[in-house]
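These are my notebook entries on one structure. I set down what I looked up, entry by entry.

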Amino acid sequence: MRGMFITAEGTDGAGKSTQLELIKEYLKGKKAIFLREPGGTAISEKIRELILDTQNTEMSAQTEALLYAASRTQLVNEVILPALEAGTNVVCDRYIDSSVAYQGYARGLGADTVEGINRFALENCVPDLTLFFDLPPEKGILRKNSQHKLDRIEQESMDFHRKVYEGYIKLCEKYPQRIRRIDASLDVGAVFALVKKELDSLRWD
Ligand SMILES: Nc1ncnc2c1ncn2[C@@H]1O[C@H](COP(=O)(O)OP(=O)(O)OP(=O)(O)O)[C@@H](O)[C@H]1O
Ligand SMILES: [Mg+2]
């Protein structure tokens, strides 16, 4: 039996990492691995450094989109597909929808272009369930500001983060079966109650 593939999406500071920790606990009885994007393999982690480095101000939107896709295809081939085929469940912090929202909508490359690049990169490795943590970006950045030094993407203007958010909303409308909208403005426990409902709706073996 193939493993379940679950991804977490949302604007910066929406609460993905917080909820993924709770999901990890909840799935303890099942075989599961937890990954974050970009990263998860030696090559992907090197690409991550390139992408997030605040020194790389000259990086073009095209370069950024291709680097994300390159990092992702390495993760898919080296880790995700072998795990799923071995019956292990895979939970990933960000995946293709992040590229479409950030590079497609917010950077303006176009959703279709970015989906096309990723279709080439991913060999049809599509999540069974995507949890979209729905929080207006203004609130997410406020949550983050108090936390750590912002990386290159997080340092973008509020206008950029707004476009990312609107991109996610369009993705929710395009893929209503796969992408489930979770109200992330609630407290941590209430958000997790919504997450559990979605997890329980999957057909686990
Ligand atoms: N439901 C919540 N209510 C209030 N604060 C929250 C909630 N969930 C998470 N937080 C806090 O908000 C901050 C950002 O949360 P978290 O790191 O989980 O977001 P994230 O979506 O993983 O962000 P990033 O995209 O940067 O990885 C943390 O300080 C966390 O403790
Ligand atoms: Mg996080």
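Entry 1: I began with Lys 174, which has its place in helix H7; helices (H or I, at least four residues) and strands (E, at least two) are DSSP runs, numbered from the N terminus. The model is predicted: local features need pLDDT of at least 70 and side-chain atom pairs count only at pLDDT 80 or more, while totals for chains, interfaces and linings use all residues. Residues are numbered from 1 along each chain as its sequence is written, chains are lettered from A and ligands numbered from 1 in the order in which they are written, and side-chain values use heavy atoms, with hydrogens and water left out.

Leaving out residues up to four places away in sequence, I found Lys 174 touching Asp 112 and Glu 115, where contact means heavy atoms within 4.5 Å. The side chains of Lys 174 and Glu 115 make a polar contact at 2.9 Å. A polar contact is a pair of N or O atoms within 3.5 Å; within protein, one must be able to donate a hydrogen and the other to accept it, and residues adjacent in sequence count only if both atoms are side-chain atoms.

Glu 115 sits in helix H5 and is buried, because its relative accessibility is 9%. I also noted a side-chain polar contact from Glu 115 to Tyr 175 (2.8 Å). Beyond four places in sequence, Glu 115 touches Val 100, Lys 174 and Tyr 175.

**Entry 2: helix H4.** I counted ten of the eleven residues of H4 as buried, so H4 is largely enclosed by the rest of the structure. Val 100 is one of these buried residues. Their cover includes strand E1 (5-9), H3, H5, strand E4 (129-134), H7 and strand E5 (179-183).

**Entry 3: nonpolar cores.** I define a nonpolar core as a set of buried Ala, Val, Leu, Ile, Met, Phe, Trp, Tyr and Cys residues joined through side-chain atoms within 4.5 Å. Which members of the largest core touch the most others? Of its 39 residues, they are Phe 5, Ile 80, Tyr 95 and Cys 125. Elements giving two or more residues to this core include helix H3 (61-85), helix H4 (96-106) and helix H7 (158-174). H3 gives the most, with ten residues. A second, separate core of 19 residues includes Ala 14, Leu 129, Leu 135 and Val 191.

**Entry 4: backbone.** Most residues other than glycine have a negative phi, and most peptide bonds are trans. I recorded a cis peptide bond from Glu 37 to Pro 38, with omega near -15°. Pro 38 lies in the loop between strand E2 (32-36) and H2. Arg 94, in the loop between E3 and H4, has a positive phi near 75°. Arg 94 counts as buried, because its relative accessibility is 14%. Glu 123, in the loop between H5 and E4, has a positive phi near 50°. At 48% relative accessibility, Glu 123 counts as partly exposed.

Notes. Buried < 20%, exposed > 50% of the residue type's maximum accessible area, 1.4 Å probe, protein only.
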